[in-house]
Amino acid sequence: MMRVVAAVLSVAVVAGLSTDPRGEVPPPPGVRPPVQPPRNVVFILSDDHRHDLMGFHPNAPEWLETPALDRMAAEGAHVRNAFVTTSLCSPSRASILTGRYAHRHGVVDNTSPIPDGTVFFPEYLDEAGYNTAYIGKWHMGEGNASDMPRPGFDHWISFRGQGVYSNPELNINGERHRIPGYTTDVLTDSAVAWLARQDAGGDPFFLYLSHKAVHAEFEPAPRHEGRYAASPIPYPESMANTEANYREKPRWVYEQRFSWHGVDYMFHGQFDFDSFYRRYTETLLALDEGVGRLLDQLERSGLSESTLVIYMGDNGFMLGEHGLIDKRHAYEASMRVPMLARAPGWIEPGVQVESLVRNIDIAATVLDLAGVESGHEMDGRSFLPVLAGRPLEDEGEFLYEYFWEFAFPHTPTTFALRGDRYKYIYYHGVWDLQELYDLEADPDERFNLIHVPEHRERIEAMRSRLFDRLEAADAMRVPLRRGNWQAAERLRGPDP
Ligand SMILES: [Ca+2]
Ligand SMILES: [Ca+2]
């Protein structure tokens, strides 16, 4: 991959010559020469933003308004098949920052500390001369010092754990300050101010803006409260508690509908589904405004053409499918994430990227763009070519993994192989059904094919491939962590 980009750069550099010193042939007359990729990166990560809750998305409710995300899609690329390899906050964040699966980076739940010696990819950018900034939610490890500056960032603003939606206490380069305001706006203000200090002729820069929004329990900005109060809620067909919906579903899925993460006892009865849905989408409004303000700042600074902006969610979110809410599951709404990429002049406006892209691919992609050869071993790969309209070799199936948490015991340890057409899901430690779905015929995963005789060979083959993959990756150990709190305890006080 590094080779491909190097070739593009060399052609751009020697435009006008007949061949470059390495024998690259320039494009024939009339063919647009490749454009030099941007050099700066703004990576915007949202929390628990579901892949289809973007105004332009065909599956979004028609009343949903996300003008800035729509603008990103219109001016850049919508990466339609973006996934996470673990649908949970901390493991996915660690995968983004290391380019590695959870079984390899070791951040397998939302409370375990980061293993000593872990290196995050922005360190390599910093070493390569980039101006780097981390602004927002870190949320790996929950210790007292989990908001402290990390190596690799010239500028650092963060907070401990999940943080709060208003008047956050921010750790700004090592000192804590209480900042008045709505957290999404405060983080956006900080990011815009930092961008305003970057200059087109100076060092290249990398901004990692990580929002608290739109994580539950949702709190819209006061200006957006009630915006969707009268909007009709779309219920997925698989939400109803019917015999047909659960005929071939694992028993634990049915039982979860009456738990903290189920539609019939959400957060142990604190919310009803409709108001939960409305507050979720209202909380998204400030996030969207923030994206718009960042794009505007890049325009004002003359940095739009030299900056790749990536918008991504850290995991998906179930909204009633199979009676479930939240994440962790290997179902589509949980594994899929929103992803948009914009770089005017380099990415074709309005392009739909079909290639598979995963959270573990971000690190390789950003380092690729920066031309940094880190030697850091990664499970992911650069998807830079697909943004420039060049296909990548199909990787086939990818591995999905989720490790059981004491805090939320209703979702079992889960491994899955997801291919373009078939998905096989294996649960560890529960005496229950496995699952096979034909995503082409059944994109909503309503018909589990695990007992269908004509799929027996496929199921056995996928199960073999799954364990071959796990064995080859040295991922056969299921991590055991000390659990000291459960969801219900949150009703009695703040997070431990
Ligand atoms: Ca999350
Ligand atoms: Ca630096």
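Which residue in β7 is the bridge partner of N171? In this predicted model, local features require a pLDDT of at least 70 and side-chain atom pairs count only at pLDDT 80 or more, whereas totals for chains, interfaces and linings use all residues. Residues are numbered from 1 along each chain as its sequence is written, and chains are lettered from A and ligands numbered from 1 in the order in which they are written.

The bridge partner of N171 in β7 is R176. Strand β6 (residues 169-172) runs antiparallel to β7 and is joined to it by 4 bridges; strands (E, at least two residues) and helices (H or I, at least four) are DSSP runs numbered from the N terminus, and two strands pair if DSSP finds at least two bridges between them. Both strands belong to an open sheet of 10 strands with mixed pairing, in the order β7-β6-β5-β4-β8-β1-β9-β12-β2-β13. Because β7 (175-178) and β13 (351-353) stand at the edges with a single partner strand each, one side of each is left without a neighbour in the sheet. On average, neighbouring strands of this sheet are turned by 15 degrees against each other, direction ignored.

Helix α9 packs on the sheet, where it touches β1 (40-46) and β9 (307-313), and its direction makes about 175 degrees with that of β1; angles run from 0 to 180 degrees between N-to-C directions, and axes are lines fitted to C-alpha atoms, for helices over the stretch in contact. Residues are in contact if their C-beta atoms, placed from the backbone, lie within 7 Å.

The axes of helix α6 (residues 183-196) and helix α9 (residues 273-300) come within 10 Å and cross at roughly 10 degrees.

How values were computed:
Contact = placed C-beta atoms within 7 Å.
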